[in-house]
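Please go through the sequence and the 3D structure shown here. The paragraphs that follow take up a few residues, then the helices and the packing around them.

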Amino acid sequence: DGPNGPCLHVRGAWTVHNGGVMPFGAADMPPAPHATSLSVDTAGITEWDSSFISFLWEVKQAAAGAGLAFEQDGLPTPAQRLLALLPPKPAAPARHDSRKQTLLEKTGDLTLNALTETGIVTTLATETTRGAMHALHGKSRMRTKDLITDLWNAGPNALLIVGVVNFLIGAILAFVGLVELRRFAAEIYVTNLVGIACAREISAIMTAIIMAGRTGGAYAARISTMLGNEEIDALKVFGIPISGYILLPAILSLSLMMPLLYLYGTLIGIFGGFVVSMSMMDVSPMGYWMSTVNGVELREFAFGFVKAFFFGSFIALAACRVGLMAGRSAADVGIAATRAVVIGIVGIIAMDAVFAVMANALGI
């Protein structure tokens with residue numbers, strides 16, 4: 001025993017390789033009804049590491065539980081310094097709120113989150129528009145090389161898949177239309193069916209869905225990877241605006257290429273209908289094209305062109321926002337890409353419904 005209470009004698013090597021931490025709890029404290037402190041004798045220690053500090057911390061907690069002061073004077077000076085870095089008592093376990101949110105609270109949280117995201121995306125769109133205006137005057141931080149690369153990836157590189165999908169869609173429309181219209185001896189109207197459907201709805205939607213899966217997912221994956229590699233943080237440290245340096249080339253390239261891809265997809269879709277019609281109906285190629293030109297008005301192409309621009313802008317904005325919201329691990333890159341594709345496709349369908357209502361109200 002020590003002068004003021006029990007003394008704990010420690011001998012040997014206290015390292016992880018020699019057994020690690022020896023547990024010490026309140027049950028290990030010797031009975032000392034009149035003691036005021038607990039001291040430690042470390043004269044017999046040959047070597048020690050962090051496992052010894054962990055043991056001393058448990059001894060200190062047991063002494064505090066027994067109402068004894070822990071004397072550190074007999075400890076090595078480095079051990080005293082390390083022990084001083086530890087908290088005086090164990091951290092309290094985290095309390096979990098068992099109360100469930102009511103329906104009104106959940107609705108309020110969802111509404112606030114939706115409004116917050118809407119504000120962030122609106123701000124992002126405003127900054128991008130301002131950056132595009134500055135780019136026209138040569139004052140943007142956007143690099144021309146990045147814009148050309150994104151234009152190539154969002155445009156010419158997507159021609160093959162856009163063409164194949166729209167060709168097959170046009171062929172399917174023509175086949176189904178001919179099967180049904182043949183019952184009424186109105187096969188010639190398949191030209192109007194394919195032309196109007198492709199120009200007004202199908203080509204714009206299918207091209208947008210393709211670009212959401214192909215380019216939107218790539219944007220989200222690229223930005224989330226840069227976030228994980230701390231490249232975004234480095235740009236912020238140097239004062240380089242993210243909206244102009246990284247987001248503007250991506251959003252601008254997809255917004256410009258989508259209307260052109262829509263026109264290309266529409267023509268390919270009409271050509272797919274032409275190929276099927278020539279094999280199933282008795283009409284000359286010139287007659288088919290003349291019927292298509294006479295049956296499809298120019299405003300159908302203008303309406304689809306405008307829709308394609310808004311589809312492309314929405315896909316790029318949503319993908320960039322999802323990329324910036326992603327975590328910093330490798331798994332978050334895949335999650336961000338998947339989320340960007342899902343949001344893009346759902347948003348395209350919802351926007352098309354809004355355009356349909358607007359077109360009906362305006363008589364287009």
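Is I205 buried or exposed? In this predicted model, I205 has a relative accessible area of 15%. The cut-off for buried is under 20%, so I205 is buried. I205 is part of helix 6, and the residues it touches, neighbours up to four places away in sequence not counted, are F311, I349 and D352. One of these, I349, is 144 residues away from I205 in sequence, while the two C-alpha atoms are 7.6 Å apart in space.

Helix 6 also holds T207. The relative accessible area of T207 is 0%, so T207 is buried. With residues up to four places away in sequence not counted, T207 touches V162, N166, M258, L261 and Y262.

Helix 8 spans residues 242-280, which makes 39 residues. From its first C-alpha to its last it reaches 55 Å, close to the 57 Å expected at 1.5 Å a residue.

In the model, residues 193-214 are 100% helix and 0% strand, with end C-alpha atoms 28 Å apart. Residues 234-254 are 81% helix and 0% strand, and there the end C-alpha atoms are 26 Å apart.

Which residues does T292 contact, leaving aside its neighbours within four places in sequence? They are T191 and I270. T292 lies in helix 9, residues 285-295, and is buried, with a relative accessible area of 6%. T292 and N192 are 100 residues apart in sequence, yet their C-alpha atoms are 5.9 Å apart in space.

The aromatic rings remain. The model has 10 aromatic pairs. In the pair of F309 and F310, the ring centres are 5.6 Å apart and the planes are at 80°, so the pair is edge-to-face; the cut-off for that class is over 60 degrees. Both residues of this pair are partly exposed: F309 has a relative accessible area of 36%, and F310 has one of 40%. Both values fall between the 20% limit for buried and the 50% limit for exposed. Elsewhere among the aromatic residues, F167, F271, F274, Y288 and W289 form one cluster.

Key: Residues numbered from 1 in each chain as written. Predicted model: local features only at pLDDT ≥ 70, side-chain atom pairs only at ≥ 80, totals over all residues. Heavy atoms only, no water. Helix = DSSP H or I, 4+ residues; strand = E, 2+ residues; numbered from the N terminus. Expected span 1.5 Å × (residues − 1). Phe/Tyr/Trp six-rings, centres within 6.5 Å; stacked < 30°, edge-to-face > 60°. Buried < 20%, exposed > 50% of the residue type's maximum accessible area, 1.4 Å probe, protein only. Contact = heavy atoms within 4.5 Å.
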